[in-house]
Structure formats: C-alpha cells, structure tokens
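Please open the model in your viewer and keep the selection tool at hand. The stops below go from the ligands to the helices and then to some single residues.

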Amino acid sequence: MQTNLADFIRDTPAGREADAILRSCVHCGFCTATCPTFQLLGDELDSPRGRIYLIKQMLEGEPVSETTQLHLDRCLGCRSCETTCPSGVKYHRLLEIGREVVEQRVPRSLAARATRFLLCEALPRNWIFRPAVRVGQLMRPLLPRVLADKVPTAAPGGARPWPRPAGHRRRMVALAGCVQPTLTPNTNAATARVLDRLGVDLVEVPGAACCGALRYHLHAQEKALDDMRQVIDAWWPEVESGRVEAFVMTASGCGEHVRAYGELLQHDPAYAAKAARIAQMTRDASEILAGERERLVELLRVAGGGSDQRVAFHSPCTLQHAQKIRGVVESLLAAAGFQLSPVAEPHLCCGSAGTYSISQPVLATQLRDNKLAAMNAGGPAFLVTANIGCQTHLQSGSALPVRHWIELIDERLGMAS
Ligand code: SF4
Ligand code: SF4
C-alpha cells in the first residue's frame, strides 16, 4: 500500500513503524473473514482492512473524528486478523499507534474519562479491587441485572492451599497478577501443586503484581510502563541469582504482555536489557507442562487416568493469536483423560478483551453468548479456558462452571487436599 505520512509523525519512531506496517498490507481483505466485529456488524470500517484504512488516513493528516474513534474503540485487539493475514501485517502495533493519535485528537466525554480513571486506578490495586468485589457480591441481589452481571462470582471449585515449599532443585516464578488473586486464587495454587509433583518449586515474588497490560490498553502508557518496571524490579534479583528457570504465566493476557516487555521498554536505557531478558524467560504454564509431558503422563497414569469427562476449551486470543500457542492445552487435557468437546469457530474472541466488556457491553455480550453457545453445543460437563478475563466473562453468562485448565490437571493428578 502506498503511503504519504504527515509531518507530525513521519520522522518519529512510531511513524516509521506505522509506515512499514501500512506498506506491508496489500488490501486483500482475507482478514475480514475472521474478524469478530465485522462478523457481527458487517461494516467494512469494523473490519481490520477498514480500520487500517482509517488509521492510514489519520496518519496522512486527514481530519480525525468521533467516527474514527468509534471504529477503533470497537476493535477487540484480538489479533485474529494477524493469524489470517498472508502478508504478516502487524495490525496490533498499528492499532496502538492509531489509538494514541485518536486519544490526543478526539476528546472523550466526562463519563468515559471517569470510567477509565476508575478502571485504571482500581483494577491493578488489590487493596481497592478485593473489597470492591466483596461489596459487589454482597449487594448483587439488590443490583439491576445489567450491573449484577458485571460482578464476578466466587470461583467454581474454591481455593486450595499452595504446597509447602519442598526445596526442589528447580525453581520457577509465577506472576501473581492484579485481579486473579481475588477472583480465582486457586489458579496459581493449582499450578504450584502440579509443578511440585514435577519437581519444581513455584513461588510468587512480592512486589510483582499487575503486569501493566491493563493500563497499557486503557491508554495510560506511562502508568503502564511504571507497572512493568515494578515487576522487573521485583523479579530481577531472581534472574541475577541464577536460580530461576522461567517466569510462568497462568493468565495468557499477562503472558502476551510480559513477552512484549523487551519491545515496550526498548527505549528505556535503564530497563531495556532487563526487560528483554525477562521476556525471553517467560512461558505460558502450558508450555512448561508440555516440556515435562513424559513425567506428567506417568504421574497421571499412576493417579488413575481419566474418566472421559467432556470439556469444552476456549483458547483465549492472547494464547492462540498473540502467543501462537495452539493445541498445547488441548493435548494436555487429552493426556489427562478428558474428552474435548468440539467448539465451532474457535478463532473467535469471547468478548472479554481486557476492559472491552465494560467499554462495549453490547458487542461483548453478543460475542460471549455466541461463544457459550458454541462451547455448549457438544454437551460438556465443564467449560475451560486459560485467561482470567475470559474465565470471568464467560462465567457471567454460563450456568456451567468455567475453570482454568490447570485446575483440571491438578485435580486429575489427585493432589487436591
Ligand atoms: S491486513 Fe493482511 S489480510 Fe488484511 S487486507 Fe491487509 S494484507 Fe490483506
Ligand atoms: S484485532 Fe480482532 S476485532 Fe480488531 S480488527 Fe483484528 S480481528 Fe477484528
């Protein structure tokens, strides 16, 4: 695609990056076929190709309006289009650059700014988020349906303790995360129990909480970079000690973001090298278990094998499209004796997408209900996923429990106390 970027951005790092991305798009439109918002709305401007065109116009100096903002806001950032694109267009980076320009040019309403402020300040802080959730849960019966649906329910399966430190020779570090310790505290504990059986100590390091993805996607870039630096400061002594083998992500949304630390902090001389090193040591929990598959399968065999229980797995966009981890969780669940119930159009987003379910509730609910219908079609006993955002969003519309896949492996190993 030919480009002629305007003076305000042409010779900046963002401008050069955007220019290269725009030029790589051949406008073929293959990506529209797998875009969830185009599928729902049928408007070219709600497709990847349409949004690329809107961003191009904006970066070439054409006026930016609320229409541009609307169509970019409706994008889930799911990256399904990147999986489909035959030309390797880095759509997500172009979207980030485009959104930043829109934020500077098109003012948002007071209500929208207040909501963003609240999300930015409350969600990453456990001491605000945890009591707010508890109050919401107590008040749920009194709330109107639309608000009650937004209050997360207690995690199915409850929370079980971490294993006692066994002093294994191998050590890995898990990210605690921001909302996960409140909403699904069993996820990291289950991971620790499974890894303990595999001869690995899993620990959380105090000070490493929110990975920064939340504020980054709410256009609070500087605050997000501070969150990332805080995680790096907390983890760096572990790297220096040489004891830690990997940083383990149990939420694929965080995994995608921590894996991008090197890129996101590349212009910060104090943190660039550390960020790149940590990104390189980051693994999704499924990759860790796949690396231990032989031993895991043996443990599962000794534990008594499976019961052929049917489960439907939703692979989060951050796992399948961003981290390109496909089929790994499914294969681990199958190894644990679960029968995977087929899910139609598995590439489609469930509508969670960070804070999308709050900023675009109508589209998010449609996507959630479509995903639940696809997951329930095969009559599963459980719904399973790999990211806290998807888990709570799907649970808000599901009568069946929505679990993290690692909990199923943990329970199948027969270690839960
Ligand atoms: S992003 Fe890729 S698939 Fe979509 S129009 Fe451009 S080249 Fe084609
Ligand atoms: S990121 Fe997802 S919603 Fe956005 S344009 Fe690409 S496929 Fe569509």
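Begin by selecting ligand 2, which 13 residues surround, the closest being Cys35, Arg51, Cys75, Cys78 and Cys81; a residue is counted as near a molecule if one of its heavy atoms lies within 4 Å of it. Two or more residues of this shell come from each of the elements α3 (36-41), α4 (48-59) and α6 (80-84), where helices (H or I, at least four residues) and strands (E, at least two) are DSSP runs numbered from the N terminus. This is a predicted model, in which local features need pLDDT of at least 70 and side-chain atom pairs count only at pLDDT 80 or more, while totals for chains, interfaces and linings use all residues. Residues are numbered from 1 along each chain as its sequence is written, chains are lettered from A and ligands numbered from 1 in the order in which they are written, and side-chain values use heavy atoms, with hydrogens and water left out.

Colour the shell of ligand 2 by residue class, and it divides into eight nonpolar, three polar and two charged residues; Ala, Val, Leu, Ile, Met, Phe, Trp, Tyr, Cys and Pro count as nonpolar, Asp, Glu, Lys and Arg as charged, and the others, Gly among them, as polar. The space taken by ligand 2 is the second largest cavity, a cavity being a set of points, on a 1 Å grid over the protein atoms alone, where a 1.4 Å probe fits but cannot get out. A molecule sits in a cavity if more than half of its atoms lie within 2 Å of its grid points.

Which cavity does the space taken by ligand 1 form? Select ligand 1 next, for its space is the largest cavity. The residues around ligand 1 include Cys25, Val26, His27 and Cys28, and also Cys85, Pro86, Ser87 and Val89. The shell of ligand 1 holds nine nonpolar residues, three polar and no charged.

Now select helix α2 (residues 13-24), which has 12 residues and reaches 17 Å from its first C-alpha to its last, close to the 16 Å expected at 1.5 Å a residue; the expected span is 1.5 Å times one less than the number of residues. Its buried residues are Gly15, Ala18, Asp19, Ile21 and Leu22, and they lie on the same side of α2 because they cover an arc of only 170° around the axis. The arc is that of the directions from the helix axis to the C-beta atoms, and buried means under 20% relative accessible area, exposed over 50%, partly exposed in between (1.4 Å probe, protein chains only).

Move on to α21, where the buried residues are Val329, Leu332 and Leu333; seen down the axis of α21, they fall within an arc of 100°, so they line one face of the helix. After α21 comes Gly337, whose phi is positive, near 95°.

Two further residues deserve a click for their backbone angles. Lys324, in the loop between α20 (317-322) and α21 (328-335), has a phi near 55°, a positive value in a residue other than glycine. Ala353, in the loop between β6 (339-340) and α22 (356-359), has a phi near 45°, again positive in a residue other than glycine.

How values were computed. 1 Å grid on protein atoms, 1.4 Å probe; cavity = no way out; pocket = protein on both sides within 12 Å on 5 of 7 lines; lining within 4 Å.
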